[in-house]
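Please read the briefing below alongside the sequence and the model.

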Amino acid sequence: MKILIIGGGNMGMTYAQSFLRSHITDKANMMILERSPEKASIVANTGIGTVCNHPGDCLSHADLIIFAVKPQDSVELFTSIRSFINSEQVFLSIMAGVKIKTICESLNVTKVIRAMPNLPAQVGLGMTAFTSSDEVSRLELVMVQNLINTTGKSIYVEKESSIDAATAISGSGPAYVYHFMNAMIQAAKGMGFNDSEAELLVSQTFKGAVDLYSKNNFSCQEWISKVASKGGTTEAAISSFVANEVEKDIISGAEAAHTRAIELGKVAVGSKTK
Ligand SMILES: NC(=O)c1ccc[n+]([C@@H]2O[C@H](COP(=O)([O-])OP(=O)(O)OC[C@H]3O[C@@H](n4cnc5c(N)ncnc54)[C@H](OP(=O)(O)O)[C@@H]3O)[C@@H](O)[C@H]2O)c1
């Protein structure tokens, strides 16, 4: 299967590197399309497959075409590729907010998969939610899921609206974690640790807590009660979080992200709601 990634930016390069690192494909079957000759030559210098900067040079050779450009560039992209594609090709879009229906109508194609990855894909620990149009076959879907899974884990969602929900949880989620980590780093520094000590204390605590959680079947609440003994230090912190309604604030934050994802989907350039 020949793969073409359109857009050699953060996510496009993350995908290309993950596919190659996992040996799910090789350089001979990998193409990247960048619109500027300067950027195309920078990407070509990474030695990551065939790099083109004109759609006519690569589109017709691809079985799977991955859209990894910013949503605001989608209309220009669709215009530039329309005459080089065919109805047998499968399209995977990771553009936030751009709906399957918009892609099908803009390109006159039917086989479209839409995915929402997240930043830890860069280190193979990404989380992706994806869905597809009815015309994508089971085999095509499995092939694309195998590619996505080289960047971490994935779930298939039946309803396209769940992509907006996943955007609010796993898409934006890494930033919520960094927000919480940042607060803990500040607390550590306030207690006398230097920058690197504070960062190590906090990052290793997050890593350890998440690893422990994922290797066992206990809920978060059960883990909290394992750490917090009656009248102890952890209970003092958790009681303060509860009194300050921290949990409610985090839920409200995620809901705000969900509302924004829905709004952006409605205004995404050239899109129509499904
Ligand atoms: N970054 C994330 O964590 C993340 C997470 C989930 C989803 N996404 C989605 O992933 C997509 C890409 O994000 P990104 O952060 O990788 O963006 P990025 O770093 O800006 O990369 C996009 C690349 O596409 C190129 N490009 C734009 N239009 C093109 C065209 N018509 N033909 C060929 N190349 C074109 C851009 O070139 P120029 O520099 O010349 O514009 C740029 O190099 C976005 O739609 C975003 O919503 C990103």
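The secondary structure of the protein comes to eleven helices and eight strands, where helices (H or I, at least four residues) and strands (E, at least two) are DSSP runs numbered from the N terminus. This is a predicted model, in which local features need pLDDT of at least 70 and side-chain atom pairs count only at pLDDT 80 or more, while totals for chains, interfaces and linings use all residues. Residues are numbered from 1 along each chain as its sequence is written.

**Overall layout**
- The C-alpha trace spans about 70 × 40 × 30 Å along its principal axes.
- The domain assignment, which is automatic or taken from a database, gives domain 1 (3–158) and domain 2 (173–243), and the centres of the two, taken over C-alpha atoms, are separated by 37 Å.
- Of the 274 residues, 32% count as buried; a residue is buried if 20 or more other C-beta atoms lie within 10 Å of its own, exposed if 12 or fewer, and partly exposed in between, with C-beta atoms placed from the backbone.
- Among contacts between residues at least 6 apart in sequence, 62% join residues at least 24 apart, a contact being a pair of residues whose C-beta atoms, placed from the backbone, lie within 7 Å.

**Ligand surroundings**
- The ligand is surrounded by 28 residues, of which the closest are Gly7, Gly9, Asn10, Met11 and Ala96; a residue is included if its C-beta atom, placed from the backbone, lies within 6 Å of the molecule.
- Helix H1 (10–21) and helix H3 (74–81) are the elements that give two or more residues to this shell.
- By residue class, the shell divides into 13 nonpolar, nine polar and six charged residues, where Ala, Val, Leu, Ile, Met, Phe, Trp, Tyr, Cys and Pro count as nonpolar, Asp, Glu, Lys and Arg as charged, and the others, Gly among them, as polar.

- Within helix H5 (residues 138–148), Val144, Leu147 and Ile148 are buried, and they lie on the same side of H5 because they cover an arc of only 100 degrees around the axis, the arc being that of the directions from the helix axis to the C-beta atoms.
- On the other side of H5, Arg138, Leu139 and Val142 are exposed.
- The buried residues of H5 are covered by elements that include H1, strand E4 (64–67), strand E5 (90–93), strand E6 (112–116), strand E7 (126–132) and strand E8 (152–156).
- The largest nonpolar core has 52 residues, of which Leu4, Ile6 and Ile66 touch the most other members; such a core is a set of buried Ala, Val, Leu, Ile, Met, Phe, Trp, Tyr and Cys residues joined through C-beta atoms within 7 Å.
- Leaving aside neighbours within four places in sequence, Leu4 is in contact with Met31, Leu33, Cys58, Leu59, Ala62, Ile65 and Ile66.

- Most residues other than glycine have a negative phi.
- His23, in the loop between H1 and strand E2 (30–33), has a positive phi of about 65 degrees although it is not a glycine, and His23 is exposed, with 8 other C-beta atoms within 10 Å.
- Asn108, in the loop between helix H4 (100–107) and E6, has a positive phi near 60 degrees, and counts as exposed because it has 11 C-beta neighbours inside 10 Å.
- Gly232 sits in the loop between helix H9 (220–227) and helix H10 (233–243), and is exposed, with 11 other C-beta atoms within 10 Å.

Methods:
Two residues are in contact if their C-beta atoms, placed from the backbone, lie within 7 Å.
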